[in-house]
Amino acid sequence: MSLPIPVRHLVCGRFTLELKRPLIMGVVNVTPDSFSDGGQFAAPQPAIEHALQLLAEGADILDIGGESTRPGAAPVSPQQELDRIAPVLEGLRGCGRPLSVDTRRVEVMQAAIEQGADMINDITALQAPGALAAVAAAGCAVCLMHMQGEPATMQQAPVYQEVVSEVEEFLQARVQALLAAGIARERIVIDPGIGFGKTARHNLALLAALDELSTLGQPVLLGVSRKSLIGELTGRAVEQRLAGSLAAMLAGVARGAAIVRVHDVAATRDALAVWQAIENA
Ligand code: HH2
């Protein structure tokens, strides 16, 4: 079977993003309990100010989330999630860059799209009933992420026969489901879901073989920033994982990651500038 032609630009709501260089997605967690920055930006105004700071530092996309999905996190109601993110979306709407909403709830997707979200980032890959239809009618981009299990229990005993091929097959099947629902390839991003129902060994295998996911033809998004994998490899607490996060991010970019989801935008931009200059030399 011939390989699909790689998607070279991402249709992302009001924007079309060229994928000539790795894009930086800055994380805006409007939550009291996110694993690395929980509570810091839980009110709308601090969240908006933080987002504007990330844009000033060079974020190409903002990813706004109202539910923590860290291992063991308790789910929140869709209404609670919306109450958290709606004022932030409103406040950032005119910022001139694409706004992604990190949610797995169909009600939140619908409301966010109505409010003008340019991308839906779903850790459950639009598998909830009604999710495909909610997104299909809009012009937003979609990120499909792989997760084994549910955030509350996913790290208890993740099991795979062969993690790379299983994640790849899952993502391929989800891409097919989106295409069948009328969502164009240029709107779809895929993500191996580092830390979502995976041990350190699984995460490392996926990172090492990230280029295999690129053969599906869809842009690959990678989220490793400050994650427990970095903590396990370095022995560092969450606020001391920047160097390790940058190393994992660059290893991913060298293997074809098109978008990196990060908390530390300025440092990521510098690391990418150096990497890119070497690549272009
Ligand atoms: N990681 C987190 C949340 N959403 N979405 C995608 N597509 N890929 C990821 O790797 C990913 C994600 C976890 O990070 P964070 O948002 O900082 O933490 P929390 O879930 O505790 O809010």
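In the predicted model, Leu 62 contacts Gly 26, Val 28, Ala 51, Leu 54, Leu 55, Leu 92, Pro 98, Leu 99 and Ser 100, with residues up to four places away in sequence left out of the count. Leu 62 also belongs to the largest nonpolar core, which comprises 70 residues; together with Ile 64 and Val 135, Leu 62 touches the most other members of this core. Helix H5, spanning residues 163-180, contributes the most to the core, with 7 residues. A second core of 16 residues is separate and has Leu 19, Leu 23, Met 25 and Val 189 among its members.

The ligand is surrounded by 18 residues, of which Ser 34, Ser 68, Asp 191, Lys 227 and His 263 are the closest. By class, this shell consists of 6 nonpolar, 7 polar and 5 charged residues. In the case of Asp 191, a side-chain N or O atom lies 2.6 Å from a nitrogen atom of the ligand. The ligand taken alone exposes 480 Å², and the protein buries 98% of that area.

Ser 68 is located in the loop that runs between strand E4 (61-65) and helix H2 (78-92). The relative accessible area of Ser 68 is 5%, so the residue is classed as buried. Its side chain forms a polar contact of 3.2 Å with the side chain of Arg 70. Apart from residues up to four places away in sequence, Ser 68 touches Thr 31, Asp 33, Ser 34, Phe 35 and Ala 73.

His 263 lies in the loop between strand E10 (259-262) and helix H10 (265-280). This histidine counts as buried because its relative accessibility is 7%. Its side chain makes polar contacts with two serine side chains, that of Ser 225 at 2.7 Å and that of Ser 36 at 3.3 Å. Outside the four neighbouring places in sequence, the residues in contact with His 263 are Val 27, Asn 29, Phe 35, Ser 36, Asp 37, Leu 54, Ser 225 and Arg 226.

Arg 226, one of these contacts of His 263, is placed in the loop between strand E9 (221-222) and helix H8. Arg 226 is buried, at a relative accessible area of 16%. Its phi is positive, at about 60 degrees, although the residue is not a glycine. Most residues other than glycine have a negative phi. A positive phi is also found at Ala 125, where the value is near 55 degrees. Ala 125 occupies the loop between strand E6 (119-122) and helix H4 (131-136). With a relative accessible area of 0%, Ala 125 is buried.

Leu 233 is part of helix H8, which covers residues 228-234. The relative accessible area of Leu 233 is 54%, and the residue is therefore classed as exposed, the cut-off being over 50%. Leu 233 and Arg 93 are 140 residues apart along the chain, and their C-alpha atoms are separated by 38 Å.

Note on methods: Residues are numbered from 1 along each chain as its sequence is written. This is a predicted model: local features need pLDDT of at least 70, side-chain atom pairs count only at pLDDT 80 or more; totals for chains, interfaces and linings use all residues. Side-chain values use heavy atoms; hydrogens and water are left out. A residue is near a molecule or strand if one of its heavy atoms lies within 4 Å of it. A polar contact is a pair of N or O atoms within 3.5 Å; within protein, one must be able to donate a hydrogen and the other to accept it, and residues adjacent in sequence count only if both atoms are side-chain atoms. Accessible areas come from the Shrake-Rupley method with a 1.4 Å probe; for residues, only the protein chains shown count as cover. Ala, Val, Leu, Ile, Met, Phe, Trp, Tyr, Cys and Pro count as nonpolar, Asp, Glu, Lys and Arg as charged, and the others, Gly among them, as polar. Helices (H or I, at least four residues) and strands (E, at least two) are DSSP runs, numbered from the N terminus. Buried means under 20% relative accessible area, exposed over 50%, partly exposed in between (1.4 Å probe, protein chains only). A nonpolar core is a set of buried Ala, Val, Leu, Ile, Met, Phe, Trp, Tyr and Cys residues joined through side-chain atoms within 4.5 Å. Contact means heavy atoms within 4.5 Å.
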